[in-house]
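Subject: Structure for your review

Dear colleague,

Please find below the structure that I promised to pass on, together with its sequence. My notes on what was found in it follow directly after.

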Amino acid sequence: MKITVDNIKCAGCVGSITKKLTAVFATDQINIDIERGIVDIDINDSKKEALVKVLLDLGYPETDSVHGFDSAKAKAKSFVSCAIGKMDK
């Protein structure tokens, strides 16, 4: 399943997203395209809602799904997730 999200900026973001998705969905079949903001994960399509929620909780909302203050909150969360991802390397 592929989903396009906002706020992916670097390898730290990728690290945090990969670690969380691996834990939640028990798969290591995850590819992330930083430049296009695409998360590609090998899970059943019925789990899309759960995937969207996990990514939003990390600060990486599905593109065009949040606006205004919610968008600002997501950016702040993604900054923290990115920093954690950089420290986990």
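Helices (H or I, at least four residues) and strands (E, at least two) are taken here as DSSP runs and are numbered from the N terminus. The model is a predicted one, in which local features need pLDDT of at least 70 and side-chain atom pairs count only at pLDDT 80 or more, while totals for chains, interfaces and linings use all residues. Residues are numbered from 1 along each chain as its sequence is written, and side-chain values use heavy atoms, with hydrogens and water left out.

To begin with the overall picture, the protein has three helices and three strands, and these follow one another along the sequence in the pattern β-α-β-β-α-α. The C-alpha trace spans about 30 × 30 × 20 Å along its principal axes. The radius of gyration (taken over C-alpha atoms, with the globule rule being 2.2 Å times the number of residues to the power 0.38) is 12 Å, which agrees with the value near 12 Å for a compact globule of 89 residues. Of the 89 residues in the protein, 37% are buried, where buried means under 20% relative accessible area, exposed means over 50%, and partly exposed lies in between, with a 1.4 Å probe and protein chains only. If contact is understood as heavy atoms within 4.5 Å, then residues 24 or more positions apart account for 62% of the contacts with a separation of 6 or more.

Turning to the helix packing, two packed helices are described by the angle between their axes and the distance between the axes. The axes are lines fitted to C-alpha atoms, for helices over the stretch in contact, and the angles run from 0 to 180 degrees between N-to-C directions. Helix α1 (residues 11-25) and helix α3 (residues 69-87) have axes that come within 7 Å and cross at roughly 90°, which makes α1 roughly perpendicular to α3; angles of 65 to 115 degrees count as roughly perpendicular, those under 35 as roughly parallel, those over 145 as roughly antiparallel and the rest as oblique. In this pairing, Gly12, Cys13 and Ser16 of α1 meet Ser81, Cys82, Ile84, Gly85 and Lys86 of α3. By class, the contact of α1 with α3 has three nonpolar, four polar and one charged residues, given that Ala, Val, Leu, Ile, Met, Phe, Trp, Tyr, Cys and Pro count as nonpolar, Asp, Glu, Lys and Arg as charged, and the others, Gly among them, as polar.

Helices α2 and α3 pack at an angle of about 85°, with their axes 7 Å apart, and that makes α2 roughly perpendicular to α3. Here Leu56, Asp57 and Leu58 in α2 meet Lys77, Ser78 and Ser81 in α3, and the residues of the contact of α2 with α3 divide into two nonpolar, two polar and two charged.

Several loop residues also deserve a note. Asn7 sits in the loop between β1 (2-4) and α1, where its 11% relative accessibility makes it count as buried, and its phi is near 80°, a positive value in a residue other than glycine. A polar atom of the Asn7 side chain lies 2.9 Å from the backbone oxygen of Gly59. Apart from its neighbours within four places in sequence, Asn7 is in contact with Cys13, Gly59, Tyr60, Pro61, Ala74, Lys75 and Ser78.

In the loop between α1 and β2 (30-33) lies Ala26, which is exposed with a relative accessible area of 71% and has a positive phi of about 50° although it is not a glycine. Thr27 belongs to the loop between α1 and β2, but it is buried, with a relative accessible area of 10%. A polar atom of the Thr27 side chain lies 3.0 Å from the backbone nitrogen of Gln29, and, neighbours within four places in sequence aside, Thr27 is in contact with Thr22, Ile41, Asp42 and Ile43.

Finally, Asp64 is placed in the loop between α2 (48-58) and α3 and, at 63% relative accessibility, counts as exposed.

Technical notes:
Polar contact = N/O pair within 3.5 Å; in protein donor to acceptor, adjacent residues only side chain to side chain.
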